[in-house]
Amino acid sequence: MRKKPDYAQLIASSAESFFVTDKDGNILLVNSAACMLLDLTEDQLVGANVKELVQEAYYDRSTTLEAIEKKQPISGIYRTRTGINIMATSRPILDDDGNVPVVITNSLDTERVEEFVNMIEQERALTNRYR
């Protein structure tokens, strides 16, 4: 019998920021990458409300709140109070009645995204050179 993966451990070890909120924007779960991007501890984030975090200028926009309101995935870039630009995607999970019980948000520092793009461009240049 195959052993099921430990999903909590997978989320915790992800290099990408990950957090889950309820329908009101209350944070239920975060990983260490989310804490590092926002310069807050897990204790500070779990139980906090994303609308209040925006009002308190921890970041300037919430794709989570937009996903709750529009009931569809929302991607965008926001800026943290420490000056980091973050690319985030929030995906609402809809129940059978079309309500949003939870939203899952993944985000990444845009500098890391730019590093990936540069790495891909360098690989393409090498590939083209050897054609």
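Biologist: Why is Lys71 called partly exposed?
Modeller: The relative accessible area of Lys71 is 40%. Buried means under 20%, exposed means over 50%, and partly exposed is what lies in between, with a 1.4 Å probe and protein chains only. Lys71 is therefore partly exposed. The model is predicted, so local features need pLDDT of at least 70 and side-chain atom pairs pLDDT 80 or more, while totals for chains, interfaces and linings use all residues. Residues are numbered from 1 along each chain as its sequence is written, and side-chain values use heavy atoms, leaving out hydrogens and water.

Biologist: Where does Lys71 lie, and what is its phi?
Modeller: Lys71 is in the loop between α5 and β3. Helices (H or I, at least four residues) and strands (E, at least two) are DSSP runs, numbered from the N terminus. The phi of Lys71 is near 55°, a positive value in a residue other than glycine. Most residues other than glycine have a negative phi.

Biologist: Where is Ala57, and what is said of its phi?
Modeller: Ala57 is in the loop between α4 and α5. Its phi is positive, about 65°, although Ala57 is not a glycine. At 45% relative accessibility, Ala57 counts as partly exposed.

Biologist: How do you know whether Thr80 is buried or exposed?
Modeller: Thr80 has 5% relative accessibility, so it counts as buried. Thr80 is placed in the loop between β3 and β4.

Biologist: Which residues are in contact with Thr80, leaving aside its neighbours within four places in sequence?
Modeller: They are Leu37, Leu38, Tyr58, Tyr59 and Ile86. Contact means heavy atoms within 4.5 Å. From Thr80 to Glu114, 34 residues apart in sequence, the C-alpha to C-alpha distance is 18 Å.

Biologist: Is Gly47 buried or exposed, and what makes it so?
Modeller: Gly47 has a relative accessible area of 55%, so it is exposed. Gly47 lies in the loop between α3 (42-45) and α4. Leaving aside neighbours within four places in sequence, Gly47 has contacts with Asn26 and Ile27. The C-alpha atom of Gly47 is 6.2 Å from that of Leu28, 19 residues apart along the chain.

Biologist: What makes the buried residues of α5 one face of the helix?
Modeller: Helix α5 (residues 63-70) has Thr63, Thr64, Ala67 and Ile68 as its buried residues. Seen down the helix axis, these residues fall within an arc of 140°, so they line one face of α5. The arc is taken over the directions from the helix axis to the C-beta atoms. The buried residues of α5 pack against β1, α4 (50-55), β3 (74-79), β4 (85-93) and β5 (102-109).

Biologist: How do you know that β3 and β4 pair?
Modeller: Two strands pair if DSSP finds at least two bridges between them. Six bridges join β3 and β4, which run in the antiparallel sense. One of the bridges has Gly76 facing its partner Ala88 in β4. β3 and β4 form a hairpin with five residues between them, and Gly83 in the turn has a positive phi of about 90°.

Biologist: How many bridges join β1 to β2?
Modeller: Three bridges join strand β1 (residues 17-22) to strand β2 (residues 27-30), and the strands run antiparallel. Phe19 has Val30 as its bridge partner in β2. β1 and β2 form a hairpin with four residues between them, and Gly25 in the turn has a positive phi of about 85°.

Biologist: How many cavities of 30 Å³ or more are there?
Modeller: The count is one. On a 1 Å grid over the protein atoms alone, a cavity is a set of points where a 1.4 Å probe fits but cannot get out, and lining residues have an atom within 4 Å of a point. Grid points are joined across faces, edges and corners, and a volume is the space filled by probe spheres set on the points. The largest cavity holds about 40 Å³.

Biologist: Which residues line the largest cavity?
Modeller: The lining is Phe19, Tyr59, Arg61, Ser62, Thr63, Thr64, Tyr78, Ala88 and Thr105.

Biologist: How many helices and strands does the protein chain have?
Modeller: The protein chain has six helices and five strands. Of its 131 residues, 34% count as buried.

Note on methods:
On a 1 Å grid over the protein atoms alone, a cavity is a set of points where a 1.4 Å probe fits but cannot get out, and a pocket is an open set with protein on both sides within 12 Å along at least five of seven lines; lining residues have an atom within 4 Å of a point.
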